Amino acid sequence: QVQLVESGGGLVQPGGSLRLSCTASGRIFSINAMGWYRQALGKQRELVATITRTDDTDYADSVKGRFTISRDSAKNTVYLQMNSLKPEDTAVYYCDANILTSDWSNGNYWGQGTQVTVSS
């Protein structure tokens with residue numbers, strides 16, 4: 001009914017940059033908040049950044065000043081620009097969206113995840 005597909009992950013050296021994208025498709029009426037989460041090996045999933053419909057943003061303390069979340073509502077897409085990457089940023093990154101479908105069902109949807117590895 002609704003799909004979220006992430007892209008943009010990969011291997012990068014410390015200090016490098018990556019840009020993640022996540023596009024929602026399907027029977028979408030409107031998208032409310034969108035966000036990025038990450039899960040490192042052996043750890044719990046944690047919030048990275050969120051953005052509301054009015055473009056209010058919030059970030060985890062560990063990424064403030066380095067990561068920027070943005071969205072293109074016309075394309076149902078959320079982005080995560082990651083700069084000054086550190087080895088501790090290594091994780092699978094997931095996008096999340098709160099979506100009202102065309103049959104008036106509201107729920108949270110997740111992407112399949114994209115691996116980000118920061119290593120020299």
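Strands here are DSSP runs of E with at least two residues, helices are runs of H or I with at least four residues, and both are numbered from the N terminus. The model on your screen is predicted, so local features need a pLDDT of at least 70 and side-chain atom pairs count only at pLDDT 80 or more, whereas totals for chains, interfaces and linings use all residues. Residues are numbered from 1 along each chain as its sequence is written, and side-chain values use heavy atoms, with hydrogens and water left out.

**Whole chain**

The C-alpha trace spans about 50 × 25 × 25 Å along its principal axes. Of the 120 residues, 42% are buried, where buried means under 20% relative accessible area, exposed means over 50%, and partly exposed lies in between, with a 1.4 Å probe and protein chains only.

**Strand β5**

Now select I51, which lies in strand β5, residues 46-51. Is I51 buried or exposed? With a relative accessibility of 2%, I51 counts as buried. Show the residues that I51 touches, a contact being heavy atoms within 4.5 Å; leaving out residues up to four places away in sequence, these are N32, A33, M34, D56, T57, I69, S70, R71 and V78. If you then draw a line from I51 to S70, the C-alpha to C-alpha distance is 7.0 Å, although the two residues are 19 apart in sequence.

**An aromatic pair**

Move on to the aromatic rings, where those of Phe, Tyr and Trp (its six-membered ring) pair if their centres lie within 6.5 Å, and where planes under 30 degrees apart count as stacked, over 60 as edge-to-face and the rest as tilted. By this rule there are 2 aromatic pairs. One of them joins F29 and W104, a tilted pair with 4.8 Å from centre to centre and 55 degrees between the planes. Where in the chain do F29 and W104 sit? F29 belongs to strand β4 (residues 28-39), while W104 is in the loop between β9 (91-101) and β10 (106-110), so that the pair links distant parts of the chain, 75 residues apart. Colour both by accessibility to finish: F29 is exposed, with a relative accessible area of 52%, and W104 is exposed as well, at 57%.
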